[in-house]
Amino acid sequence: MIKVEDLHKSFEDLEVLKGVNTVFEKGKTNLIIGQSGSGKTVFLKCLLGLFTPDKGTILYNGKAYQNFSKNEKRELSKQMGMVFQGGALFDSMTVEENVVFPLKMFTKMTKGEMKNRVQEVLDRVNLLDTNDKFPSEISGGMQKRVSIARAIVNKPNFLFCDEPNSGLDPRTASVIDNLIQEITHENDITTVINTHDMNSVFEIGENIVYLENGLKAWEGNKDNIYKTDNQKLTDFVYASNLFQKVRITQREGL
Amino acid sequence: MLSNYIKSIGQYFIMIYETFRKMTKTSELKRLILQELDDLIISSLGIVVFISFFIGAVIAIQTALNFSNPFVPKSLIGFAARQSIILEFAPTFVAIIMAGKVGSYITSSIGTMRVSEQIDALEVMGINSLNYLVFPKIIAMFMFPFVIAISMFVGIIGAYTASVYGGFLSSEQFLAGLQEDFIPFQVFYAFLKSFVFAIILATVPSFHGYYMKGGSLEVGRAATTSFVWTSVIIIFMNYFITQLLLS
């Protein structure tokens, strides 16, 4: 579980996060949504430890990050898996080398054990016969799956995803969403997904945090997002005609 | 503007400090160093040998053509070629060539990793990305003086070939000039210079790649800026070391 209390972050004169409070629960797919510039990426980078907050506390499994010793911080980073927007796969490494990388760096596994674990996670994300291919030789959807495999190979307690299905066709995006949700449930981990894809919101939004101008403006799940009276959230969620029709259908109970 | 330069200089030294902290796993570092040796040193040998041979030849021809006085011994061509190649051409000129070849490669490869969030991926995993990316390059560039030694040797071979086979002087005269008034300290000075240049060649382009902001267009711009600054710093350090050791 990750608890965020009064999180502030500024860049020079620009205040991006203005006191965010929320809880990301274990075993659930937690979504951060909001318009471009609402502070989603900065928020995620604060959770990852890539940005140091100006004020506020982030508690990982009940312990505040600022109270972690250097070793504890190092251990925490080993418990984190991250799926980047563009995959962030290492270009010079093959699929297998990318996935085995965290194991090589942080475990004392034998080569055989590593190979087995890599094959296990590649099978889990449905990637077959791609072990020796380079990232440039596989499709965008496959790259995302390799990125997920790399993120979970170390059996992390926290999984972070930055717009995991951006640039993918709707079917592949749905596959990736469902894969992340299944992995979250199977491994009982805390997953935080940064997205502005409304399909993801309605498919896997077990806990949704809506950010607006650096503040949490709404929190709920995919079922009660239909009933919200928050005008800016409804404007954001139902921006497309398709989702407006979905909303009308839901409200009319058809 | 001045404050930006001062800030960048400070940031550069912080980068150097951070590069030597929180070391990457030894087995991985060994692999990375061998990889960098191949990318930075071995792959540069071809162009260094080619340029050294022909520049050595040109130095010899130009020296020969400018010695019209019959009282000046012909062996001076060998002497002048040796001095030019060992003192200036091999260490400095080759370093500038390397700033273009190796420097732009370092900046663009690290810059691309920055743009595509690969550096963030390393940081999230708890890896010191500066140590992972820059440290192996610094260690690999410690082999730069060997490149310079090869450049000196090939440059002199070029000078010998052009002057002897071009009919300017005999082989004996060239070899006599080559050994005339040889001061071993000058070779030490050349290698010391090349060692300093090696550190500049590894770190300045890394700095420009690591701290770049923007997209692929900015990667290209960073590579150009990196070449300019690496060359400027090499030229300045060349003057500084020469003043310090030879004057």
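A residue counts as buried if 20 or more other C-beta atoms lie within 10 Å of its own, with C-beta atoms placed from the backbone. By that cut-off, buried residues make up 40% of the 247 residues in chain B. The views below all come from a predicted model.

**View 1. Chain B has 11 helices and zero strands.** Along the sequence, the pattern of chain B reads α-α-α-α-α-α-α-α-α-α-α. The C-alpha trace of chain B spans about 70 × 40 × 35 Å along its principal axes. Take the contacts in chain B between residues at least 6 apart in sequence: 88% of them join residues at least 24 apart.

**View 2. Helices H4 and H11 of chain B pack at an angle of about 145°.** Helix H4 covers residues 76–115 and helix H11 covers residues 216–245. Their axes are 8 Å apart. The crossing of H4(B) and H11(B) is right-handed. On the H4(B) side, the contact residues are B:Thr92, B:Ala95, B:Ile96, B:Ala99, B:Gly100, B:Gly103, B:Ser104, B:Thr107, B:Ser108, B:Gly111, B:Thr112 and B:Val115. They meet B:Ser216, B:Val219, B:Ala222, B:Ala223, B:Ser226, B:Phe227, B:Thr230, B:Ser231, B:Ile234 and B:Asn238 in H11(B). By class, this contact of H4(B) with H11(B) holds nine nonpolar, 13 polar and no charged residues.

**View 3. Helices H8 and H10 of chain B cross at roughly 130°.** Helix H8 runs over residues 144–165, and helix H10 over residues 184–210. Their axes come within 8 Å. At that angle, H8(B) and H10(B) are therefore oblique to each other. Their crossing is right-handed. H8(B) brings B:Phe144, B:Pro145 and B:Ile148 to the contact. Facing them in H10(B) are B:Ala190, B:Phe191, B:Ser194, B:Phe195, B:Phe197, B:Ala198 and B:Leu201. The contact of H8(B) with H10(B) has nine nonpolar, one polar and no charged residues.

**View 4. B:Lys22 has a positive phi, near 45°, in a residue other than glycine.** B:Lys22 sits in the loop between helix H1 (2–19) and helix H2 (26–41) of chain B. There are 15 other C-beta atoms within 10 Å, so B:Lys22 is partly exposed.

**View 5. Chain A meets chain B through 14 residues of chain A and 12 residues of chain B.**

**View 6. A:Ser77 touches residues of both chains.** A:Ser77 lies in helix H2 of chain A. Leaving out residues up to four places away in sequence, A:Ser77 touches A:Gly49, B:Val124, B:Met125 and B:Gly126. A:Ser77 and A:Leu50 are 27 residues apart in sequence, and their C-alpha atoms are 11 Å apart in space. A:Ser77 counts as partly exposed because it has 19 C-beta neighbours inside 10 Å.

**View 7. Helix H3 of chain A carries buried residues.** They are A:Val95, A:Asn98, A:Val99, A:Val100, A:Phe101, A:Pro102 and A:Leu103. The buried residues of H3(A) pack against helix H4 (111–124) and helix H5 (140–152) of chain A.

**View 8. Chain A is assigned domain 1 (2–79 + 158–252) and domain 2 (91–155).** The centres of domain 1 and domain 2 of chain A, taken over C-alpha atoms, are separated by 26 Å. In the contact, 11 residues of domain 1 of chain A touch 10 residues of domain 2 of chain A. Helix H6 (residues 170–187) of chain A gives the largest share of the domain 1 side, six residues. By class, the domain 1 side has seven nonpolar, three polar and one charged residues.

**View 9. A:Asp6 has a phi near 50°, a positive value in a residue other than glycine.** A:Asp6 is placed in strand E1 (residues 2–11) of chain A. With 13 C-beta neighbours inside 10 Å, A:Asp6 counts as partly exposed.

Methods:
Residues numbered from 1 in each chain as written. Chains lettered and ligands numbered in written order. Predicted model: local features only at pLDDT ≥ 70, side-chain atom pairs only at ≥ 80, totals over all residues. Contact = placed C-beta atoms within 7 Å. Axes fitted to C-alpha atoms, helices over the stretch in contact; angles between N-to-C directions. Helix = DSSP H or I, 4+ residues; strand = E, 2+ residues; numbered from the N terminus. Parallel < 35°, antiparallel > 145°, perpendicular 65-115°, else oblique. Left-handed = near helix turned anticlockwise from the far one by under 90°. Nonpolar A, V, L, I, M, F, W, Y, C, P; charged D, E, K, R; others polar. Buried ≥ 20, exposed ≤ 12 C-beta atoms within 10 Å, placed from the backbone. Domains from an automatic or database assignment.
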